[in-house]
Amino acid sequence: MDKDTVLQLIKDTYHEEGKPVSFSRLKKRLGVKDGSELLKAIAELKMENKVIEKSSGSGKSFSPAESFEATNDNDV
């Protein structure tokens, strides 16, 4: 699975919904049943500091790292 596609989906969904994106939501939007390839792509994105993971009682959710930066190019 292409990590750039996953990153764009996380960004788009985060901006649409205004909250971190759950793993199950990502799987549904990508139309996959087995999330192993998705997990690999997310792990790569986390290592590159492009995605931030939050764990809660209901599972894991993800936000684009840019949403936490002090300066954001989209705020022009």
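This is a predicted model: local features need pLDDT of at least 70, side-chain atom pairs count only at pLDDT 80 or more; totals for chains, interfaces and linings use all residues.
Helix H1 covers residues 3–17, and its 15 residues should span 21 Å at 1.5 Å a residue, which agrees with the 21 Å between its end C-alpha atoms. Its buried residues are Val6, Leu7, Leu9, Ile10, Thr13 and Tyr14, and because they cover an arc of only 160 degrees around the axis, they lie on the same side of H1. An α-helix has 3.6 residues a turn, so residues three or four places apart point the same way. The partners against which the buried residues of H1 pack are strands E1 (21–22), E2 (51–56) and E3 (59–64), together with H2 and H3.

Helix H3, with 12 residues, reaches 17 Å from its first C-alpha to its last, close to the expected 16 Å. Here Leu38, Ala41, Ile42 and Leu45 are buried, and their arc of only 100 degrees around the axis puts them on the same side of H3. These buried residues of H3 pack against H1, H2, E2 and E3.

The axes of H2 (residues 23–30) and H3 (residues 36–47) come within 11 Å and cross at roughly 115 degrees, and the crossing is right-handed. Phe23, Leu26, Lys27 and Leu30 of H2 make this contact with Leu38, Leu39 and Ile42 of H3, so that by class it has 6 nonpolar, no polar and 1 charged residues.

Methods. Residues are numbered from 1 along each chain as its sequence is written. Side-chain values use heavy atoms; hydrogens and water are left out. Axes are lines fitted to C-alpha atoms, for helices over the stretch in contact, and angles run from 0 to 180 degrees between N-to-C directions. Helices (H or I, at least four residues) and strands (E, at least two) are DSSP runs, numbered from the N terminus. A crossing is left-handed if the near helix is turned anticlockwise from the far one by less than a right angle, and right-handed if clockwise. Contact means heavy atoms within 4.5 Å. Ala, Val, Leu, Ile, Met, Phe, Trp, Tyr, Cys and Pro count as nonpolar, Asp, Glu, Lys and Arg as charged, and the others, Gly among them, as polar. The expected span of a helix is 1.5 Å times one less than its number of residues. Buried means under 20% relative accessible area, exposed over 50%, partly exposed in between (1.4 Å probe, protein chains only). The arc is that of the directions from the helix axis to the C-beta atoms.
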